[in-house]
Amino acid sequence: MDFNAYQQTLATELRGRECPFPEAEYQQRLKHLRARMHADGLGAVLLTDPSDLFYLTGYSTFEVSVHVALVVTADTLTLQVPSIETGPAMVTTRVDHVIGYRWEGVGDVLDPLAHALIGHGRKVGVDYWHGSLRQGVLEGLKQRLPDTQFVDASGLLKSIRIVKSAAEIDCLRHSARITGQGIEAAAAAIRPGMTDNDIAAIGAESLLAGGSEFMSMQPIVTVGLRSSVIHTNHKRCRIEDGDTVFLEFGAAWQRYTAPMMRTLVAGHPSARMRAVFDGCRRVVDVLKASMVPGRTFDSAARAAEQVMAPLASEVFFSGVFGYTVGAQFPPSWVEGSGFIARGESTVFQPGMVFHLPICLRIPGQWGMGCSDTVLVGEHGGEPLTANPWRLD
């Protein structure tokens, strides 16, 4: 059978069977989005970020390199997927329409997609800032719909996703539990003579055995001087006595990820290591105290900068004290709907969830990273992860 017949059979037998949330959850999310669309005069929104599609429909797949699109109008949801994604589209969603195109025939994308947009107003919102929006798709739609205005709506859904529902927070709690188990298993195994790959393998086994789905980022493990270089990962490096071992894991539960960082020392930490570790702890503590509803992200960043000031001249820090997490796909668990950093005027609201990635690196020597994923409550940040805050 071809993919059309496959779709029809699956629709009869398995439609929506793996949709992660009840219909009422999606209806509430769509209600918020459609209200924003109406306020902005948008007849339709075209979404291509896999995490946005998941958020609104449940659509989930490990193949996120292909073109997919969701057309949201005032009363319909139309999901476009390649033929190889027919299965996930049927099993994980309950959308109104699924339109397929031949995986090998990308020219089949444009006409059906243009047709789905016709008759829904002359103003269509798109996310110009996400890499999933292919230039060829956008230009082809503009040619086919010359009277349609395509406008930047990159912040539209993000402003809704940034506050998590009770069901989402429950998923993040599940992730946090598994993340902690994986880091604890990896930490307990650290010995001089092992490699960073050995530790990553132990952690990964624990995460998967604990129930994690495929992760948005694989376990991160670096040792010694490589831990001083941001965004490196395990590469068959031997752990020597006295080395720092940096761990950053994030289990996926219904695609939701609550990451955590932890750094241990294979041996006895030096006084300088303990001082920087204590600095990480103080920064996280002041951030949690600053994450009070009504305060700005900027104010929390400034408070954290003051605490970090004694170390600022010798350590490298990225400048972002926190980023939102939620439902994501590879290559990253960063949601992108909010950042705790200088100049960010958004205010904290109950239900926001942030990873606080505090990693202080002394270039060419070692890095010290410790973090928690934190829920904004009525009186500040409440950790979802359970970092033990120990170096040994």
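Visitor: Hi! At what angle do helix 8 and helix 9 pack?
Guide: Hello! In this predicted model, helix 8 (residues 166-189) packs against helix 9 (residues 196-209) at about 150°, and their axes lie 8 Å apart.

Visitor: Which residues make the contact?
Guide: From helix 8 you have Ile-178, Thr-179, Gln-181, Gly-182, Ala-185, Ala-186 and Ala-189. Helix 9 brings Ile-199, Ile-202, Gly-203, Ser-206 and Leu-207.

Visitor: And how many of those are nonpolar, polar or charged?
Guide: By class, the contact of helix 8 with helix 9 has seven nonpolar and five polar residues, with no charged ones.

Visitor: Switching to strands now. How many residues of strand 16 are buried?
Guide: Five of the five in strand 16 (residues 366-370), so the strand is largely enclosed by the rest of the structure.

Visitor: Which residues sit on each side?
Guide: Trp-366, Met-368 and Cys-370 are on one side of strand 16, while Gly-367 and Gly-369 are on the other, and both faces are covered. As a rule, side chains in a regular strand alternate between the two faces of the sheet.

Visitor: How many bridges join strand 15 to strand 16?
Guide: Five, and strand 15 (residues 358-362) runs antiparallel to strand 16. In one of those pairings, Ile-362 has Trp-366 of strand 16 as its bridge partner.

Visitor: What about the turn of that hairpin?
Guide: Three residues lie between strand 15 and strand 16 in the hairpin, and Gly-364 in the turn has a positive phi of about 80°.

Terms used
Residues numbered from 1 in each chain as written. Predicted model: local features only at pLDDT ≥ 70, side-chain atom pairs only at ≥ 80, totals over all residues. Heavy atoms only, no water. Axes fitted to C-alpha atoms, helices over the stretch in contact; angles between N-to-C directions. Helix = DSSP H or I, 4+ residues; strand = E, 2+ residues; numbered from the N terminus. Contact = heavy atoms within 4.5 Å. Nonpolar A, V, L, I, M, F, W, Y, C, P; charged D, E, K, R; others polar. Buried < 20%, exposed > 50% of the residue type's maximum accessible area, 1.4 Å probe, protein only. Pairing = 2+ DSSP bridges.
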